[in-house]
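Q: I would like to learn how to read pockets and cores in a model. Could you take me through them one at a time?

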Amino acid sequence: MTTNIVRPAEPGDLPALAEIFRQARKFMAMHGNPKQWGSTHPPMSLIERNIKEGSGFVCCTDTGKVAGFFSLFDTEETYEVIREGHWLNDEPYLVMHSVAALPGYGAGTCMINHVKTLTDNIRIDTKDENIPMRSLLEKLGFVYCGIIDLKAGRGERVAYQWCRDRQA
């Protein structure tokens, strides 16, 4: 069984990350979600900036293969207004963005579980059509909270939250 670890992303990871995002876009399109990232999102310039600013993280197998990426922030402006629901609490939270993983390595679960060790609250959003991600979030104890609107008219996303105090 592969053991995954999470570490800060480094510039040397960029070729592997470009491939992970290429495969993630293809996977989303094949599973009914072709518009969330289209053919160019997230741009590698954003990933490079995340790495430079220290907000980018990778999930690696025990052999060092980069199998996933996410960016981590302590706030999200678009989460200030939520429609058709509400957040579980108003406590400080971490937000995960640009979550992408190669299939078959358990990297998505590893990355989310890693962030659970850092905070009592995680918020995350995705497109309604992203059924694989929504299923993973629900499997890992996230609760659907409502709809948020992205900046600059880029559309809406379904929002989820995980809270340690709501776990059994």
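**Pocket and core**

A: About 1200 Å³ of space lies in the largest pocket. This model is predicted, with pLDDT of at least 70 needed for local features and 80 or more for side-chain atom pairs, while totals for chains, interfaces and linings use all residues. Residues are numbered from 1 along each chain as its sequence is written, and side-chain values use heavy atoms, leaving out hydrogens and water.

Q: Which residues are the closest to the centre of the largest pocket?

A: A pocket is an open set of points on a 1 Å grid over the protein atoms alone, where a 1.4 Å probe fits, with protein on both sides within 12 Å along at least five of seven lines, and lining residues have an atom within 4 Å of a point. Here 45 residues line the largest pocket, and Gln 36, Trp 37, Ser 98, Val 99 and Ala 100 are the closest to its centre.

Q: Which residues touch the most other members of the largest nonpolar core?

A: In soluble globular proteins, nonpolar side chains tend to be buried together. A nonpolar core is a set of buried (under 20% relative accessible area, 1.4 Å probe, protein chains only) Ala, Val, Leu, Ile, Met, Phe, Trp, Tyr and Cys residues joined through side-chain atoms within 4.5 Å. In this case the largest has 24 residues, of which Phe 70, Met 96, Ile 124 and Phe 142 touch the most other members.

Q: Is Asn 50 buried or exposed?

A: Asn 50 counts as buried, because its relative accessibility is 3%. Leaving aside neighbours within four places in sequence, Asn 50 is in contact (heavy atoms within 4.5 Å) with Ser 55, Gly 56, Phe 69, Ser 71 and Phe 73.

Q: What does Phe 70 contact?

A: With neighbours within four places in sequence left aside, the contacts of Phe 70 include Met 96, Val 99 and Met 111.

Note on methods
Grid points are joined across faces, edges and corners, and a volume is the space filled by probe spheres set on the points. Buried means under 20% relative accessible area, exposed over 50%, partly exposed in between (1.4 Å probe, protein chains only).
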